[in-house]
Amino acid sequence: MDNQINRFSAMILRYRWPVLVLFSIITIMLAYGATKLKINNDHATWLPKHDEVAKLLLQVDEEFSSNVMVFTVIDFSDKGVFHPDSLALVERITAELEGMEELFNVTSITNIIDIRKTDDGIEVGELMSGIPMTPEGLEEFKNYVLSKEMYVNSIVSADCTYSALMTNIESSYDEVAIAQKIFDKVDEIAGDRPHYFGGDPAVHYYMNEYMNRDMQLLVPVMLVVMLFVLAFGLRRVTGVVFPLTLVGLSIVWTFGLMSMFLLPINILSPAVAVLLIAIGSDYAVHIYNHYLKRGDVLKSTSEIAVPVVMSALTTIAGLLAFATTKIEVLQNFGIELAFGLGSACVLSIILLAIGLYILRVKASPSSTDSTDDDHVFSRIMVHTASFVHGHARAILAVAAVGLVIMGYGITKIRTNVDFIGQLPKNSPPRQGCNILMDYFNGMYPFNLYVRGDIEHPAVMNSMNYLENYMRSEEIVKGYTSVNSLIAEENWLLNGVYAVPETRQGIANLWFMLEGQEILKTFVTTGRDKALVNSVVKESATGKMRYLAGRLESFMENNVSNEIVSIDPGKLTQQGRLALDAARLERASSQLSWLSGFYDRPNTVDRAVFMDRLSQGVSTLSQHLDFDPVWGEARRYLEEETVEVLPGALIEEIMASVRESRDMTDVQHNRPLLEQMIVQTGAMESEDARVTADGLIKRIDSSLRLQKAAALKAAFSDLFSPVLATDKDFAKRSDGVLWEYLSEKPTFFYRQVSSIDGIEKAVAEAMTVEIDQAGMPETIRVVHRLLISSQLQSLVLASIIVLILVSLTQRSFRRGTISLLSVLVPLEFILGFMGLNDIPLDLGTVLCGALIIGLGIDGSIHFLHYYHQVQKQGNEGERALQLTMSHVGRAVITANATTFCGFVVLLFSQTTAVKNFSLVNALAILLVTISIVTFLPALITVFHLGREREKDLAEADMSHVAKKVLEMEPAYVESVIMKRKNVRVGGKAVSSRTKDFAGKEIAQ
């Protein structure tokens, strides 16, 4: 191995000029490639492509652009939103944004969909047909807007100080580029009027901006810091110029490789560049330092190449452990930094040797068994070695106590996947996000993705049921869906907030919604996919995960891929009782969820509703008021029939229906009603049949409303004053009771599968797929991947490093001790994170494997040199002094540059990079302390200095034999005596002879 390295080093020096030309060509090509790099800070694309949840989230984005929404918030705190000037500004911005072909939906107070009741029925149009110019008109418009649940805290704040515009970007466009166009357009129109932006595209845009600022500021700062560190550590001009030049080349190579393999730059790219300067210079520092010690380029390069390469390989191994993670940005970070450090290692070994050779840099050679007492680092290290050797067991005991304390801290680590939280607190998107959280419903989408026949009444009814459940979540607001629009139309037209129970009824109401752009945000044109949209008012990772987990648990227990309509008449008596219980529970649950949504402190428990509702059903017939029913029947006969009916016929028909005991009797009398109409000659048989059907439906509908009112009276005393006066709660709770009274109730099959004979009672079954989508689920996926990334990378890096170091040192024991010297400070830093509430995020998750890779370098150099001084016959304290005098200086200098790199990154604009730099700066500091205290303490206590493993002994003896054959005969006897520890003629061999022979062997 040594001969091969010698030959390789000699070849490099022999062909130095062709090598320089070759490396120059490679550098120029990669530098050109680096100019083609693209930026990607879209967290949605960082998720694994084959993860089912990630694919679902991306699919929802492509179909609805639900996560590609830009919010624009305009501050009207001086005049208020309902002022002509304010409305005119919003109208102008809306019109300009609507003219952008890249946007498929623009919604504001001036153009949002409005469904209102008219004398002829209902009308669907825009909320504002023109700007009211009188105080009375403005006040009327204001009151109307504030009376609508779908507008308050959605497009206008409740206090009327802010107005929001929502825009959806077509998924085929670059969202960051389009977001910038939106920003420029709004800035141009709004002028000095305070305005803010929010939404994922805004976050991605500003992430790009702050990333570019980091790159432009931190890289030059790091170069300046490195200049001073290297100047202080090596005290040579060439000791500064060579390392900085080499890391500069490695940065060019790294970013050129990224372009070649289509890896974009992202939020962590500034950290890659800065760390390449800080860490990549370590290899040059060790090589340069060893050259100063030896004074011969060929010898020093050959001797230091193995430990330098091995330290690089272990670092690279730690970084490549991130290849096992499923978060793209972490994978890319590991790959990019690994390639950069590999490049820095290769460039340092080859180009530094050539540079030292060409420039004939002056060295200060010294023997291996002497210390450099002229350097302050060396003197400190010698004293440190003596202290550690004398207090080794105490140092290990202190470390053990610290491990116990920090082990407890590890259990306190929390995760943080708040993407908006990565930006500075005073940044425009953070300000916009705060306003959206404080004055509006929120910003982060929380959706249910439904695939099936969306127009089917049972499917739409089930979407209503799920939306009502989502309203039970305290931090979820701002619901929009096609089922709620249909229900709203039905309420205005028929007084029932529920979807019609026939496909034709839904189609009639849907027809009036045609052409409304907002529909594209929650239903496809094929009407086979839809979203139940809502937004979340919180961004905390824990609350997001909790929200996604609760919805998943609810869906596992209640939702299935089949929705069924049940005919109770086909069930046994026992089956009908079980079905009644299921209906009661479904209705009571929805009433409880709605009570909590509209008055959280006074939420009525489901069990209470079940008890009262059950009592109401048992006494329903005693509380029914039939007068409104007969009134509706008469109104129908007098005003809504195909032909005008004679008054006498109307009285005759009314008398007939009044005699009916229930709706069954009315329906059985249908032929009689038709006959009565035909016999008077008022209508033909076809029109008579239509009139009779309409009358029966009107009576059924009116009677059902009266039943719902009677049931509501059974528990209305439970309502707080807030609930009792809230018209939105009233209409939604009435809708729940209306559905409860359905002749053929709808359920997810899972909810009724245990009812005896249910299969025979299924009147109709529909297949659907329903999944949750949006930010909470994204956060939960990223959280899961962060935890697995930390564990996988940490374990894999430890195993790889242990194997590499053990093979290099030809000792598993040495490999274990080397790894322990890094794992102990790593546990300290993880415990520190938990105790100081530093979260595990996209930055700090890199700590474990990265520190193993970086920290092991020092222990490798330490053990390598320690082994060399052992071969000189030095043991115990003297061996530690010699090792720490030489290696300690290089380790501290090299780790100081790494530490400075992390310190520089503390000035990053993004939180993830700041946390990353803080944790790793402390970690590299602890690793450095560990290498100069904990590692030599382990060596002392476990007697590594007197280790004589078989493989090492054999290797040493073969080396000795070769040297003996090459030595002059006069020295042979002394060398043999030294190795065998014998005496000659009763006298010990002189120490001078021993030292001379030892040096001969070492050389």
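## Surroundings of Asn-483

Apart from residues within four places of it in sequence, Asn-483 touches Met-460, Met-463, Asn-464, Glu-467, Val-499 and Val-532. The model described here is predicted. Asn-483 belongs to helix α16, which covers residues 482–494.

One of these contacts is polar: the side chains of Asn-483 and Glu-467 make a polar contact at 3.2 Å. Is Asn-483 buried or exposed? Its relative accessibility is 0%, and buried means under 20%, so Asn-483 counts as buried.

## The open sheet

Elsewhere in the model, four strands make up an open sheet, and their order is β2-β5-β1-β6. The pairing in this sheet is antiparallel. Strands β2 (103–107) and β6 (195–198) are at the edges; each has a single partner strand, so one side of each lacks a neighbour in the sheet. From one strand to the next, the twist averages 20 degrees.

## The pairing of β2 with β5

Which strand is joined to β2 by four bridges? The partner is β5, made of residues 162–169, and the two strands run antiparallel. Within this part of the sheet, Thr-107 stands opposite Met-166 in β5.

## A helix across the sheet

Definitions and conventions
Residues are numbered from 1 along each chain as its sequence is written. This is a predicted model: local features need pLDDT of at least 70, side-chain atom pairs count only at pLDDT 80 or more; totals for chains, interfaces and linings use all residues. Side-chain values use heavy atoms; hydrogens and water are left out. Two strands pair if DSSP finds at least two bridges between them. Axes are lines fitted to C-alpha atoms, for helices over the stretch in contact, and angles run from 0 to 180 degrees between N-to-C directions. Buried means under 20% relative accessible area, exposed over 50%, partly exposed in between (1.4 Å probe, protein chains only). A polar contact is a pair of N or O atoms within 3.5 Å; within protein, one must be able to donate a hydrogen and the other to accept it, and residues adjacent in sequence count only if both atoms are side-chain atoms. Contact means heavy atoms within 4.5 Å.
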